[in-house]
Amino acid sequence: MWRDYVDQIIKTDVLVIGGGAAGLRAAIEARDQGAHVTLIAKGNVPGGSSVMSAFFAAAMSGESGTPQEHFEDTILGGAYLNNQKLVRILVEEAPKRIKELEEWGMLFARELPEYYIAVREGGHRRPRLIHAAGKGSGNRTSHVLFEQALDRSVDFHIFTFATSLLKSDNEVIGATAIDMKSGEFIVIQAKSTILASGGTSKIYTRGACARLNTGDGFSMALRAGALLTNMEFMQYIPLGIIHPGSADGYTLGGTPKAKEGYLLNKFGERFMVRYDPVWMEKSTRARMTVAIAKEIKEGRACERGGVLVDLTRITEEEKARHYKYQPYFPFCLKEIYGDKVGQFLEPYEVKPTALFQNGGVKINERCETNVPGLFAVGEVSSGVHGANRLGGNAMSECVVFGKIAGANAAERAKKVNFREIGDKKLKEERERVFAPLEREDGYDPRKVKERMQEIMWKYVGPLRNEVGLRKAINELTEIRMSIEPNLFSQNKSSRMNFEWMEALEIGSMVDLGLMMAEAAFFRKESREAHYREDFPEYFPHGDNENWCVETGILYEGGRLKIFKVPLEFTEIKPGEIRIEKVDVPYLTVRA
Amino acid sequence: MTIQKTLKVKVFRFNPTIDDKPYYATYDVPFTFEKMKVIDVLRYIQEKIDHSLSFTWDCRLWNCGLCGVSVNKRPCLACITDVKNVAVNGEIVIEPLSYYPVIKDLVIDRTPEIEEMHKLGIKYIRNNPPEKIPEPMNPEQISFHRDWHLACIDCLVCSSACPAFSLDYEFLGPHLSVKLAKYLTHPKDEGDRAKQAYEGGIFRCLGCGRCDAVCPLQLEISKNTMELLKSASVEESLAPPAVRDFLENIYKFGNPWGESRAKRGKWAENMGIEGYDSKKHEFLLYVGCVGSYDPRAQQMAKAIAEVLLKVGVSFGILGSAENCDGNEVARLGEKGLFELIAEKNIQQFKKLGVKKIITLSPHAYNSMKNEYPKFRGYFEVIHYTQFLHDLIKNGKLKITKDFEAKVTYHDPCFLGRHNKVYEAPREVLKSIPSLEIVEMGRNRENSLCCGGGSGNFYTDLVGGKQSPSRIRVEEAYNTGAKILAVSCPVCLIMFEDAVKTEGLDKEMVVKDISEIIREVV
Ligand SMILES: Cc1cc2nc3c(=O)[nH]c(=O)nc-3n(C[C@H](O)[C@H](O)[C@H](O)COP(=O)(O)OP(=O)(O)OC[C@H]3O[C@@H](n4cnc5c(N)ncnc54)[C@H](O)[C@@H]3O)c2cc1C
Ligand code: SF4
Ligand code: SF4
Ligand code: FES
C-alpha cells in the first residue's frame with residue numbers, strides 16, 4: 001500500500017504550495033469559496049521574495065493614469081510577448097485588489113488624505129508605483145494577507161518542502177513534501193493544487209531573491225507535464241550590491257534614487273550616454289543591465305568589478321523623502337557600504353544581479369495550466385510580463401491572480417473527488433528523496449550548487465551567446481547524468497538538514513538551468529531581458545517578424561522539447577504602441 | 001574590540017532526536033572584512049566547516065525575520081549584526097533565541113507564536129466598511145502607526161529578550177503586542193484592542209526596555225507599544241486588581257502601599273538632615289516612595305544622606321511633603337494620573353525654588369529628567385551615582401579605606417538602557433582600592449531586569465520561577481562575586497528577596513553602591 005511509504009497524510013480540498021503574496025491571496029480566496037485549504041511553505045510564512053519587495057503598480061485614478069495606459073506600458077515593456085488577456089485582467093483588477101488590501105488594514109503612503117503617493121519606474125509612463133506606509137509594500141502586504149489567511153483558519157505548514165507533484169492519469173492530485181522540522185515524508189492529497197512557489201534568481205551566483213526560492217516549482221511542474229514558456233527571460237536588475245558577505249547580489253532598486261544620480265565607469269564617464277542617450281540612468285532595467293555588463297566585459301569596471309552609483313548630488317529634499325518614506329534604503333546602504341555611503345557622501349559599487357523570472361508555467365485567465373488539477377500563480381507562472389517585467393507589476397500580479405487561482409481551484413474542488421495514489425510512484429519518490437541521506441559517499445551538494453550558479457551566471461547571464469549556451473547545456477547535462485545521482489548528505493539527521501535539502505534543490509536547479517539555457521539557445525534574437533551577443537541587432541525590441549512568439553517547453557520522452565508557441569494579440573498588434581516623449585514627474589501625491 | 005584575524009565561535013548544538021542535551025561546538029572562522037556580519041560567520045561554518053549546523057535565513061537583509069539568534073546572550077538579527085560590535089576578545093557565542101522550542105541547533109519553532117496570534121485574533125476589524133477607498137486619512141493620522149508599528153518583520157528577537165515573556169502566553173510578549181498596537185493606532189480600526197491587550201497580560205510588562213534595545217527595526221517598543229496598550233486598557237478600566245490598588249494608593253496617599261504621608265520622612269529622623277530650603281541648599285535630595293517606606297531601601301537612603309552630609313554637600317529633603325515621582329504610574333499607562341503627579345511636583349519644586357535634584361532612584365531620575373520637561377518642569381536632575389562620581393573626580397569625596405571584595409554590578413533598566421548611564425556607577429566602584437569588579441555576561445545595554453519595573457515590585461505579576469530577579473542573582477553568583485552591587489532601591493529589594501529564595505544569602509550579599517561608599521569614606 002502506498003501509505004506504507006508515507007509518514008504523514010494530509011487531505012485537503014485545495015493545496016497551496018508557497019507562502020508569498022500569491023500563495024496567501026490564493027489561500028484566502030479558496031477559503032472564502034468554502035474550500036478546506038492547506039498551505040505549505042519551505043520557509044516561514046509570510047516569506048519568499050514577497051517580503052522583500054517594495055512597490056505595487058496600479059492605475060488607481062488621478063495622476064497614476066488609466067488602466068489602458070498601464071496596459072500599453074506593460075505590453076510595450078514586455079516587448080509584445082505578454083498574454084494580452086492576462087494583462088487586461090491585471091490592469092483592471094489591480095486597483096480593486098489594492099482597495100481590498102486597504103479594507104484589510106493595509107495602509108498605503110499618502111501625503112493628501114484621499115490619494116496615495118506614487119512614483120515612476122522605468123517603462124511606466126506615469127508614476128503609478130504605490131507603496132506601503134512603513135516598510136516595503138511586499139512586506140506589509142504579506143503580513144496583512146497572512147493575518148487574513150490565519151483568521152480564515154488556513155492550515156499552515158511552515159518549513160515544509162514540496163518535492164514533487166503527484167499525478168493520477170493526466171491529473172495532478174496533490175504533492176509530496178518533507179516536513180523539514182521532523183524529516184517526515186508527507187503526502188498531501190488535494191482536489192486542486194496551486195503552485196505559488198515563486199521565482200528563482202538563486203540559480204545564479206548573483207541573485208536578489210529569497211534564498212529558499214531555488215525554482216522547485218518550475219521543476220515540479222515540468223516533471224508533471226506542464227507547459228512552461230519564456231524561460232529565457234530572466235530579468236536582471238542593473239544595480240546589484242557588491243559585498244564580500246551575504247548581502248552580495250541583493251538589490252536596493254533598479255535606478256539611482258536621485259534626480260542627479262549617475263552611473264560611472266572606472267574613468268568616471270557617464271557611460272549610459274553610449275547606450276541610451278535619451279533616458280541615461282533612467283533607462284529600463286534590461287538596457288542598463290546590458291550596458292553595465294558590457295562596460296565590465298570591455299574592461300571599464302571599477303575596483304570591485306562593477307560600476308559606480310553616484311548619489312552625491314542628491315538634494316536635501318530627496319534625502320528627506322528617503323528618510324521619511326523609504327528609510328530602508330539609506331539604512332541598508334549604511335549597513336553594506338558604510339556610513340559615508342549611507343549619508344550619500346560617497347559613490348558605491350554595483351553590478352547586475354538576477355531578479356525575476358518572467359517565464360514560467362503557462363496559465364490561462366483562470367490560472368489553469370495545461371494539466372488538470374494544477375493551477376499556477378505569481379512568479380512561477382508566465383504570461384503577464386512577456387519579455388520584461390515592469391517594476392511593481394509582480395506584486396500586483398500576485399494579488400490579482402492569487403484571487404483568481406484560489407476561486408477556480410476551490411470551484412474545481414467542489415466538482416472532483418480525491419483520487420487514489422499509485423504505490424509505485426510513491427515508492428520511487430520516497431527513494432529519490434531519501435537517497436542523498438542514504439548514500440555513504442558522493443558529491444557535496446554545496447559545491448555542486450556553487451558550480452551550477454557559476455555556470456548559469458557565466459553563460460546564461462546578462463550577456464549570452466551560442467558558444468556559451470552550448471557550454472552551459474553540456475555542463476548541466478553532465479551534472480544531471482553523473483553528479484546528481486551521486487549527491488550525498490554527510491549529515492545524516494533528517495531534522496532541519498539543509499544539506500539534504502540542497503541536494504534536492506540541485507535536482508530542481510538542473511531542470512531549471514536546462515530549461516533556461518535551452519530556451520535561450522533556441523531564441524535567436526535579442527529582446528529585453530534576453531540579450532544575445534551574437535544577435536545584437538534587434539535589441540531591445542526584438543525581431544517581431546520571426547520571434548514575436550513564446551518559447552514553449554515540455555518534458556517529453558525523457559527530454560526537453562522546445563518549440564514556438566504563437567501568441568494571440570487580442571488587443572494590440574506588435575509595433576502598434578507608440579509613446580512620444582514621456583515627460584511626467586518622478587512622483588505624484590495624487591495617485 | 002580589537003579585530004582579530006580569527007574568530008572563535010562557540011555555537012549551540014542540539015538535535016532533539018539524538019542528543020540527550022545541548023552542547024557547544026567551537027569553530028575557527030576567519031574574520032575577513034570590516035563589516036562582516038554574524039550571518040556570514042554562520043554561513044561560513046555551515047558551508048565550509050560543518051554541514052550539519054542548522055541555521056535559517058532567507059532574505060539576507062532585514063526582511064524575512066528568519067535569522068534571529070542570540071549572540072553573546074543578546075538576541076539579534078544575524079544579517080545586520082556586525083561581528084566586530086559583538087565579539088568579546090575575538091570570541092562569540094551563538095545560541096538560538098530563548099523561550100521558543102528548538103527544532104535543531106539555532107532553528108526555533110515559531111508555531112507557538114503563530115497559534116497564539118490566531119487565538120488572539122490579530123487582524124484589522126471594521127464594523128462599518130469604508131464608503132470610499134482610498135479612505136480619507138490625514139498623513140499625520142497615520143504617521144505614528146507608520147513609524148512605530150508597521151515595520152515589524154516578525155523576527156521574535158524582542159520577545160526572546162523579554163524577561164516577562166514565556167510560552168505559556170500569560171503575557172503575550174512584545175512581538176504580539178506590536179501587532180496589537182498596530183491596529184490600536186490604525187486610524188480606522190474598530191477592534192477592542194484594550195481588551196485584547198488586557199487579556200494578553202499586558203500589565204506584566206516590566207518596562208525594562210530590553211525589547212527596545214534589541215529590535216532591529218528600532219521600534220522603541222516599550223514606549224510606543226507597551227505603554228500605549230497599557231494606557232488603552234487603563235482608560236477602559238481594565239487592569240488587574242494589584243495594578244488598580246497600586247494606582248489608587250498613589251492617587252490617594254502618594255505612595256503604593258497606602259502608607260500615611262506623615263511617615264514619609266521618618267527614615268531621616270535624628271540624622272541631622274534638613275528640610276529643603278532653596279536659600280540654604282543647593283540640592284534637593286529626592287528620595288521617592290521605595291526609599292522612603294521600604295525598610296531595606298531606607299538603609300540606602302540613609303547611606304546616601306550620610307555620605308552627602310559627610311562631604312558637606314548642601315542639600316535638603318522634602319520629608320512628609322514629598323510625593324511620588326510618577327514614573328511607574330506612567331509606565332503602567334495611567335497618563336492622566338501621571339500628568340497630575342508631575343504637575344503637582346513641578347509646582348511644588350518651583351514654589352520651593354528647586355533647581356538641582358539628586359535622585360535616589362533611577363525611576364525618579366527617568367521621569368524627572370525625560371518627562372517633566374514636557375510639563376515645563378526644567379530641573380537639573382542627577383542620579384546619585386553620577387553625583388558621587390563627580391565628587392570623587394573633583395576630589396571632594398575622598399576614599400580612605402580599602403574594600404576587599406569581588407563585586408559585580410547590575411545596571412538598573414532606568415539608569416542604563418533608558419538613560420544610557422553605564423559608566424558613572426562603575427567609575428565610583430573602580431575608585432575604591434582593592435575592590436575588584438567582575439562583569440556578568442549580560443551587562444550595560446544587555447543587562448537583565450530585576451523584575452521590579454512598572455510597579456511589579458508591588459504588583460508582583462511576574463514572579464515564581466521565571467522571576468527575572470532570581471535568574472539575575474544566579475548570574476551574579478556565577479561570576480564568583482561576593483557582592484551584587486546595585487544603584488536602585490527597587491533592584492535592592494528585588495534582589496535581596498531573590499538571594500534569599502535562591503538560598504544564596506550565605507554566599508552573596510546585595511548592597512547598594514551608596515552603602516559600599518559609606519563604608520570607605
Ligand atoms: C529584492 C526584490 C525586490 C523586489 N521588488 C519588487 C517590487 O518593488 N515590485 C514588484 O512588483 N515586485 C518586486 N519583486 C518581485 C516580487 O517580489 C516577486 O515576484 C513576488 O513577490 C513573487 O511572489 P510569489 O508569491 O509568487 O513568490 P514568493 O513571494 O517568492 O514566495 C514563494 C513561496 O514559495 C515557497 N516555496 C518555494 N519552493 C518551495 C517548495 N519546494 N516547497 C514549498 N514551498 C516552496 C517559498 O518558501 C515562499 O513561501 C522584487 C523581488 C526581489 C527579490
Ligand atoms: S519593556 Fe521589558 S518587559 Fe516590557 S515588553 Fe519590553 S522587554 Fe518585555
Ligand atoms: S517588534 Fe522588532 S524585534 Fe520584535 S518581532 Fe518585530 S521587528 Fe522583531
Ligand atoms: S536573513 Fe532575512 S532578516 Fe536576516
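So, angles under 35 degrees count as roughly parallel, over 145 as roughly antiparallel, 65 to 115 as roughly perpendicular, and the rest as oblique. Keep in mind that this is a predicted model, where local features need pLDDT of at least 70 and side-chain atom pairs count only at pLDDT 80 or more, while totals for chains, interfaces and linings use all residues. Residues are numbered from 1 along each chain as its sequence is written, chains are lettered from A and ligands numbered from 1 in the order written, and side-chain values use heavy atoms, leaving out hydrogens and water.

Helix α13 of chain A, residues 466-483, packs on helix α14 of chain A, residues 498-522, at about 155°, with the axes 9 Å apart. Helices here are DSSP runs of H or I, at least four residues, numbered from the N terminus; axes are lines fitted to C-alpha atoms over the stretch in contact, and angles run from 0 to 180 degrees between N-to-C directions. α13(A) and α14(A) are therefore roughly antiparallel.

Who touches whom? With contact meaning heavy atoms within 4.5 Å, the α13(A) side includes L469(A), I473(A) and L476(A), and the α14(A) side includes V510(A), L514(A) and F521(A).

Now the chains. The contact takes 67 residues from chain A and 62 residues from chain B. Across that interface the rule finds four salt bridges, meaning a side-chain nitrogen of Lys or Arg within 4 Å of a carboxyl oxygen of Asp or Glu. D151(A) forms one with K123(B), closest N and O atoms 2.8 Å apart.

Key
Helix = DSSP H or I, 4+ residues; strand = E, 2+ residues; numbered from the N terminus.
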